[in-house]
Amino acid sequence: MKRWTAALPALVFGLASLGLTTTGCKRSRAPRVEEVWNEPPADGQAEALGALAPPWPAPTQAVLDDGLITYWLHEPDAVTTHVRLLLPTQDVPALQSAAVLAVLQAHLQQTLASRGRSRGIDAQARSGPDRIEVALHGPVDETARALTTLGKVLAAKAPTGGLDSARQQVLGTLQGPVSSSEVATASLVAQLLGRETSSQLLLRGDVEAVPPETLLEAWEALADPRRSVLVVHSGSPAAQHRPALRELAERWHGLGRRPVPPTALERLRHSAAPAAVPGRLLAEPTTPLRVIGAPKGNKPVALLGRIIPTATAEDRSLARLAQRVLQEEADASLVVHGDVSVLVLRVPLSTQEPERSLTEAIDALVTLGSQRQPQQRLFQAAQLWLGARVVQASLDGEDWTALWSEAMDLADRDEDIVGALAKDARGMLEPDPEALQAWVRKWFDPRNGEPGWQWLVTGTSDRIRRRLARITPLSEPTVP
């Protein structure tokens, strides 16, 4: 569900705080199951799925002399070491730009790759929730070298040449116009999160216009060990690599210009979500349908979305199960973002009866809340969701640091990180059909549920807009 790419595509949602694809998750219709309403899964089946959240031992935790919080996850006999550095971006003005983040990410990736390639160390950099994540992967006997490489790159005080090269690399990826679907998704997510659309949409002109001094200021703010978190997953214990960790701390220092949060979660915790706008779709209080301009030739599409509180494991489980069931019928994305989740539905519009496309989509959401799902069907949905997560972890080389990063977004305290994934998994594997039905009726029903819905259309002609105006008020067309 969460997907971020190493080279930053044309969109960075929520100032790198949200990983949401522009077209949503693809539909994946689950096979129908016999409607046995109250038959729980076999114990062995549930235990096997519960193990999909890794039962890792308690990590070795330390704070290095430069203020960097570290977690060392020791897996005996593992032949690969994974090093992941989490660099927060959320509260720094210099980092509140998709263009700046794209250049910094590209600089980190290409510099780390050039230094580590000869040693068999693979380097990646990606945007995560309100942060940039730098990951190094290599043979276990190159663990010290990976830490040394990381320190050398981050210790650079004014990498002007590297940043300029990274800017050119980013510009090379921005070929052709941005699609109307990308513009619309960025606009809706910005509206839901209360942020500026321009800070989420990566455009060629924005990358070209960033002054070198802004890039340097952003680099200094990003490369601060006193506000960052390091996670290592290795077959060798932390004690064996104390010299390399000591060297990392001696080489890499922050500038001391910002307050230092004392815990890992305080360093990485997302900013508070905005208050929900009181609005429903095709019901009172009515949310006007926003119209976003688009180049000719773009197909008409509508996007519906809302913010949903998901601060607890139970709420997250219900949200994931509901999205998984909805996904069988609609193009729906759900992304956990701190204590809330962002739901976005993409609805292609008929050119002949666009108003019918919208009303049918909303009616489908209403119908979903009126149906009680069989317990076995919900368990099957949990199987698919948890299985997909573990398959991805396997494809990533059993990198526990990626799952640890996800667990940090789910925990309430540092000491809860180790069990956060398992706690969420247990909640999904114990579905309550009645609780899910009530939850869906409350948060997924645009007509009668909780207010807070927003929607927009793009790629529409004058004729299509006139037909849409028959069912809901329209805003004046805007050009992004």
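Predicted model: local features only at pLDDT ≥ 70, side-chain atom pairs only at ≥ 80, totals over all residues.
**Two crossing helices**

Take helix α4 (residues 160-173) and helix α7 (residues 212-222): their axes come within 10 Å and cross at roughly 110 degrees. That is why α4 and α7 count as roughly perpendicular to each other.

Who touches whom here? On the α4 side you'll find Thr-160, Leu-163 and Arg-167, and they meet Pro-212, Leu-215, Leu-216 and Trp-219 of α7. Sorted by class, this contact has 5 nonpolar residues, 1 polar and 1 charged.

**Rings that pair up**

Now for the aromatic rings. How many aromatic pairs does a search of the whole structure find? There are 2, and here they are:

| Pair | Centre to centre | Angle between planes | Type |
|---|---|---|---|
| Tyr-71 and Trp-404 | 5.3 Å | 50 degrees | tilted |
| Trp-439 and Phe-444 | 5.5 Å | 55 degrees | tilted |

The pair of Tyr-71 and Trp-404 links distant parts of the chain. Tyr-71 sits in strand β2 (residues 69-74), while Trp-404 belongs to helix α13 (residues 400-408), 333 residues apart.

Tyr-71 has 2% relative accessibility, so it counts as buried. Trp-404 is buried too, because its relative accessibility is 1%.

Turning to the other pair, Trp-439 comes in at 6% relative accessibility and therefore counts as buried.

Technical notes
Residues numbered from 1 in each chain as written. Heavy atoms only, no water. Phe/Tyr/Trp six-rings, centres within 6.5 Å; stacked < 30°, edge-to-face > 60°. Helix = DSSP H or I, 4+ residues; strand = E, 2+ residues; numbered from the N terminus. Buried < 20%, exposed > 50% of the residue type's maximum accessible area, 1.4 Å probe, protein only. Axes fitted to C-alpha atoms, helices over the stretch in contact; angles between N-to-C directions. Parallel < 35°, antiparallel > 145°, perpendicular 65-115°, else oblique. Contact = heavy atoms within 4.5 Å. Nonpolar A, V, L, I, M, F, W, Y, C, P; charged D, E, K, R; others polar.
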